[in-house]
Amino acid sequence: MRAATEAQAAGVTVVLDPAPARDIPDQLLRLASYVTPNEGELARLVGAPVADEPSMADIDAQAARLIARGSTLESWPSSAARGARLITADGATEWPARHVTPRRHHRRRRRLQRRLRRRAR
């Protein structure tokens with residue numbers, strides 16, 4: 001709490017990552033510029049049941065409850081499978097998750113393709 005108070009007084013952006021999920025006092029939420037919970041942490045912060053696959057409407061409602069508790073600017077609930085979502089009092093913006101294939105997988109696949117081509121000759 002002290003670090004967040006001093007950072008805010010100095011004009012520094014305060015990012016609050018509520019992991020592991022636990023109760024956080026409203027006073028600390030008011031000091032945070034950004035709160036970055038994942039979906040489960042968001043539910044825990046607002047006292048909602050943690051769902052395996054919450055709907056976007058549930059996430060938006062939970063974020064609105066968090067903002068109403070005193071989170072001053074934004075909430076960033078994230079999910080590796082769905083991407084990230086910036087939720088403010090003015091609305092929501094979403095960045096979808098991107099599928100990434102590791103480079104090592106590409107190399108293996110190319111080697112396998114070359115071997116198969118050689119055998120086919």
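Is Gly-47 buried or exposed? With a relative accessible area of 63%, Gly-47 is exposed, where exposed means over 50%, buried under 20% and partly exposed in between (1.4 Å probe, protein chains only). Before the close-ups, a word on the model: it is predicted, so local features need pLDDT of at least 70 and side-chain atom pairs count only at pLDDT 80 or more, while totals for chains, interfaces and linings use all residues. Residues are numbered from 1 along each chain as its sequence is written, and side-chain values use heavy atoms, with hydrogens and water left out.

**View 1. The whole chain, to get your bearings.**
Five helices and six strands make up the secondary structure of the chain; helices (H or I, at least four residues) and strands (E, at least two) are DSSP runs, numbered from the N terminus. The chain has 121 residues, and 30% of them are buried. Its accessible surface is about 8,400 Å², with 51% belonging to carbon and sulfur atoms; such areas come from the Shrake-Rupley method with a 1.4 Å probe, and for residues only the protein chains shown count as cover. Take the contacts (heavy atoms within 4.5 Å) between residues at least 6 apart in sequence: 36% of them join residues at least 24 apart.

**View 2. Helices α3 and α4 where they cross.**
Here helix α3 (residues 39-46) meets helix α4 (residues 56-68), their axes coming within 9 Å and crossing at roughly 50°. The axes are lines fitted to C-alpha atoms, for helices over the stretch in contact, and angles run from 0 to 180 degrees between N-to-C directions. The two helices are therefore oblique to each other, since angles under 35 degrees count as roughly parallel, over 145 as roughly antiparallel, 65 to 115 as roughly perpendicular and the rest as oblique. The crossing of α3 with α4 is left-handed, a term for a near helix turned anticlockwise from the far one by less than a right angle, with right-handed used if clockwise. On the α3 side, look for Glu-39, Leu-42, Ala-43, Leu-45 and Val-46; they meet Ile-59, Gln-62, Ala-63, Arg-65 and Leu-66 of α4. The residues of this contact comprise seven nonpolar, one polar and two charged. In this grouping, Ala, Val, Leu, Ile, Met, Phe, Trp, Tyr, Cys and Pro count as nonpolar, Asp, Glu, Lys and Arg as charged, and the others, Gly among them, as polar.

Gln-62 belongs to helix α4 and is buried, at 9% relative accessible area. Leaving aside residues up to four places away in sequence, Gln-62 touches Glu-39, Leu-42, Ala-43, Val-46, Ala-48 and Pro-49. Gly-47, the residue of our opening question, sits in the loop between α3 and α4. From Gly-47 to Gln-62 is 15 residues in sequence and 9.0 Å in space, C-alpha to C-alpha.

**View 3. Leu-45 and its neighbours.**
Leu-45 is part of helix α3, and its 7% relative accessibility makes it buried. Its contacts, not counting residues up to four places away in sequence, are Pro-18, Arg-22, Ile-24, Val-35, Pro-37, Leu-66 and Arg-69. Ala-21 is 24 residues from Leu-45 in sequence, with 7.3 Å between their C-alpha atoms.

Find Pro-20 in the loop between β1 (15-16) and α2 (26-31). The peptide bond joining Ala-19 and Pro-20 is cis, with omega about -5°.

**View 4. Ala-84 in strand β5.**
Strand β5 (residues 83-88) holds Ala-84, which is partly exposed at 23% relative accessibility. The C-alpha atoms of Ala-84 and Ala-97 are 7.2 Å apart, with the two residues 13 apart in sequence.
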